[in-house]
Amino acid sequence: MADLTTNFIGITSPNPFWLASAPPTDKEYNVRRAFEAGWGGVVWKTLGEEGPPVVNVNGPRYGAIWGADRRLLGLNNIELITDRPLQTNLDEMTRVKKDYPDRALIASLMVPVNEDSWKSILDRVLETGCDGVELNFGCPHGMSERGMGSAVGQVPEYVGQVTEWCKKHSNLPVIVKLTPNITDVRKPAQAAKDGGADAVSLINTINSITSVNLDSFAPEPTIDGKGAHGGYCGPAVKPIALNMVAEIARTPSLAGLPISGIGGITTWRDAAEFMSLGAGNVQVCTAAMTYGFKIVQEMISGLSQFMDEKGFTSTDDLVGRAVPNLSDWQHLNLNYVTKARIDQDLCIKCGRCYAACEDTSHQAISMSPERTFEVIDEECVACNLCVNVCPVENCITMEELSPGTTDPRTGKTVQDDYANWTTHPNNPGTCAAE
Amino acid sequence: MSHSALTPGITSGRLSEDDLARNFSDLHPPLDPHEALVAADRCYFCHDAPCITACPTDIDIPLFIRQIATGTPEAAARTILTQNILGGMCARVCPTETLCEQACVRETAEGKPVLIGQLQRYATDTLQAAGTHPFARAPETGKSVAVVGAGPAGLACAHRLAMHGHSVTLFDARPKPGGLNEYGIAAYKTVDGFAEREVDWLLKIGGITLENGKALGPDLSLDTLRDQFDAIFLGIGLGGVNALGLDGEDKTGVLDAVDFISDLRQASDLRALQVGRDVVVIGGGMTAIDAAVQAKLLGALNVTLVYRRGRDRMNASVYEQNLAASKGVRIITNATPRAIHGNGTVREIEFEYTDDALTPTGETVRIPADQVFKAIGQALAGDALPDLDGRKIAITGAGRTSVTGVWAGGDCAAGGDDLTVTAVAEGRDAAEDIHKSLVS
């Protein structure tokens with residue numbers, strides 16, 4: 001079994017699986033259960049400043065979308081930061097950290113944008129013995145209406161300013177949690193880095209309405225007939241999160257900025273994907289909220305097995321391994337030609353590939369009276385839609401045409417060399433070689 | 001004095017009321033809403049789906065399942081009933097394992113088809129429980145049609161004709177409509193008077209006058225009907241029962257399986273129904289299975305089903321054969337009845353082993369029997385019928401017989417599978433053809 005011990009910005013944990021700042025980490029009771037289940041670290045539910053705690057709605061806080069068999073695919077919430085007194089949280093954090101010294105304990109913070117507020121909260125959390133702080137610039141609902149959370153995260157100047165204050169008033173490692181509700185996530189990431197952040201974590205939740213109740217005509221979750229947008233998370237957001245992590249990982253000016261990956265991580269495989277795109281560790285919430293804390297055992301065993309199979313001895317061997325393969329569209333090889341291939345032994349003759357291709361794509365699949373489905377190479381542009389709609393894994397695959405063969409669709413010989421759009425004759429912006 | 005399985009002879013009350021209630025409860029309990037959603041989620045919504053091709057009534061199965069999955073079982077029911085007005089009964093009695101579910105791509109993929117039959121029942125039950133009828137009649141055409149036989153073919157035909165605005169008189173020889181749905185199917189397949197309720201619901205279309213106790217031959221003649229109506233549809237089924245052709249067939253205890261099944265369906269108290277201690281059923285079709293299983297469920301000690309050919313030649317599906325075996329019915333194949341022994345009352349029945357070509361082997365076996373059910377097929381009864389093709393009414397196209405203005409469908413017509421669902425398809429298609437001929 002590969003050793004999963006992870007050192008993330010100087011904070012060690014027995015594995016790279018942390019629980020994200022969220023409802024599961026709001027109380028000592030929950031966090032102890034999480035550590036007993038095996039989680040490597042916990043980012044405590046966001047603390048606000050001293051004073052009367054925030055209040056939550058007393059109706060539903062979550063909305064959801066489901067896949068087949070009511071499998072939870074996406075969750076949205078309108079819960080605010082912790083609604084328990086600051087001192088209660090601090091006392092509990094102190095006790096937990098003392099009892100679980102080998103686990104990472106991070107304090108998530110959200111206070112108004114003024115230096116005194118941040119200095120004050122940092123002084124308080126320092127006493128807990130926590131391993132670091134995470135600045136919550138991400139929550140998109142409720143607190144953002146009060147000028148905090150994503151309202152800060154959407155203004156790079158604020159992100160940089162607050163990060164600077166935190167570095168100035170504390171020796172703790174500072175992780176800046178980013179909102180995805182922004183056009184270019186690299187901007188706040190750059191501001192965090194310039195402000196001295198030790199790491200960024202992303203993504204926080206996405207502005208969302210999960211559904212509309214068609215009887216009351218109100219968005220879900222509905223509070224007394226009205227609804228407000230919430231923050232969206234769970235498996236459905238993973239592709240968005242992966243891209244944002246990748247954007248940061250491959251930007252030269254952000255190179256080396258540690259990333260804690262968040263967004264729909266449900267299995268060890270999801271975690272490995274985030275880590276290969278540059279995340280030094282991952283944070284999980286919805287999967288735990290769906291299945292309970294025990295899922296971490298599958299994440300640990302799965303990642304260990306995978307690392308053994310790949311010959312990785314440390315998570316460092318995995319982190320960033322896919323980053324060199326991130327590219328812009330304009331640099332993709334236009335001489336790479338593939339065709340769909342249908343494995344007739346695996347085909348169950350559902351015809352979804354045919355319907356998809358015939359109705360919505362390139363009419364590149366034929367159907368015989370006996371329901372044999374075959375690819376018409378003359379028409380196949382290798383779009384991959386048939387692969388994606390086929391219910392049988394690996395029944396349809398994309399096969400590369402080897403150089404020297406003729407692509408029946410274009411009639412052209414497949415070239416061995418690499419050629420992309422920047423040099424393509426159809427590109428009006430092509431620079432003639434000089 | 002109470003009886004038990006061991007009580008010799010033919011007697012009633014072998015089992016307690018509780019045991020009987022359990023034995024004759026729904027073979028497939030209905031899906032609850034959650035089960036229906038889980039089952040519906042498994043449908044792949046195939047293109048030009050094989051299940052539709054396999055359905056004799058061409059129900060758009062992927063569409064109705066998607067309608068269930070999206071929370072509109074009433075719309076799903078409409079999709080079903082548009083093609084098959086007896087979709088509720090077919091959901092219960094169709095041999096789905098050899099029709100839609102055999103064709104299901106998930107049967108190919110995993111050996112576990114989508115539960116099409118049970119989903120169809122879920123949809124149609126939901127709609128019928130609401131008590132509404134989803135179809136409306138077209139304006140009255142002034143044309144009248146006689147439908148003879150209120151079984152699956154006649155009901156489907158009558159409904160479709162009524163929907164097109166024709167005025168239908170539906171005759172049936174029996175006291176109740178429904179045909180085999182009411183009299184000829186094992187009780188555990190259609191519990192709680194479903195057949196009767198379904199007919200009541202079907203008749204809500206309006207424009208159908210039901211006349212029970214009127215049979216072709218004794219009460220009605222084709223010629224008279226032709227004078228009185230613009231068109232006639234014959235869905236009279238197979239009224240006769242094939243005989244064994246053995247000496248002693250008239251001994252006490254030798255009965256027709258269809259009568260036993262019918263008595264069982266019409267019984268208000270199963271405790272009062274008589275069944276033998278040692279029951280032998282002769283035949284290899286669904287009727288034989290239904291009789292054998294129900295004899296066992298009524299408390300017979302030994303039930304033996306004997307079929308003259310091999311198991312793969314039995315008309316009863318593998319599923320039905322396994323059901324019989326699971327209930328304790330012993331199945332003997334390749335044995336032909338040779339003699340019925342007993343002094344006035346049957347005591348035992350003698351079989352000779354034969355091969356699939358029915359070549360005698362000279363080896364015989366005697367099986368104790370105090371009750372014998374004959375289930376070796378039914379035959380068309382009556383004369384003055386249109387021309388026959390073999391032993392059934394010859395038809396061309398959508399049920400046209402040799403007599404102008406007379407159509408036929410269901411078991412009485414040549415061709416087809418003798419399934420409820422086939423009868424529905426034939427009745428429906430004949431109705432469309434009749435409609436075309438009446439309005440052109």
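Angles under 35 degrees count as roughly parallel, over 145 as roughly antiparallel, 65 to 115 as roughly perpendicular and the rest as oblique. This is a predicted model, in which local features need pLDDT of at least 70 and side-chain atom pairs count only at pLDDT 80 or more, while totals for chains, interfaces and linings use all residues. Residues are numbered from 1 along each chain as its sequence is written, and chains are lettered from A and ligands numbered from 1 in the order in which they are written.

**Helix packing in chain B**

- Helix α2 (residues 33-41) and helix α4 (residues 61-69) of chain B pack at an angle of about 135 degrees with their axes 9 Å apart, and α2(B) and α4(B) are therefore oblique to each other. Here helices are DSSP runs of H or I with at least four residues, and strands are E runs of at least two; axes are lines fitted to C-alpha atoms, for helices over the stretch in contact, with angles from 0 to 180 degrees between N-to-C directions.
- On the α2(B) side, B:A36, B:L37, B:A40 and B:D41 meet B:I65, B:I68 and B:A69 of α4(B), contact being C-beta atoms, placed from the backbone, within 7 Å.

**The sheet in chain B**

- Three strands, in the order β12-β13-β14 (chain B), make up an open sheet with antiparallel pairing, where pairing requires at least two DSSP bridges.
- Because β12 (335-341) and β14 (360-368) of chain B each have a single partner strand, they stand at the edges and one side of each lacks a neighbour in the sheet.
- Strand β13 (residues 348-354) of chain B is joined to β14(B) by six bridges, and B:T354 has B:P360 in β14(B) as its bridge partner.

How values were computed: Contact = placed C-beta atoms within 7 Å.
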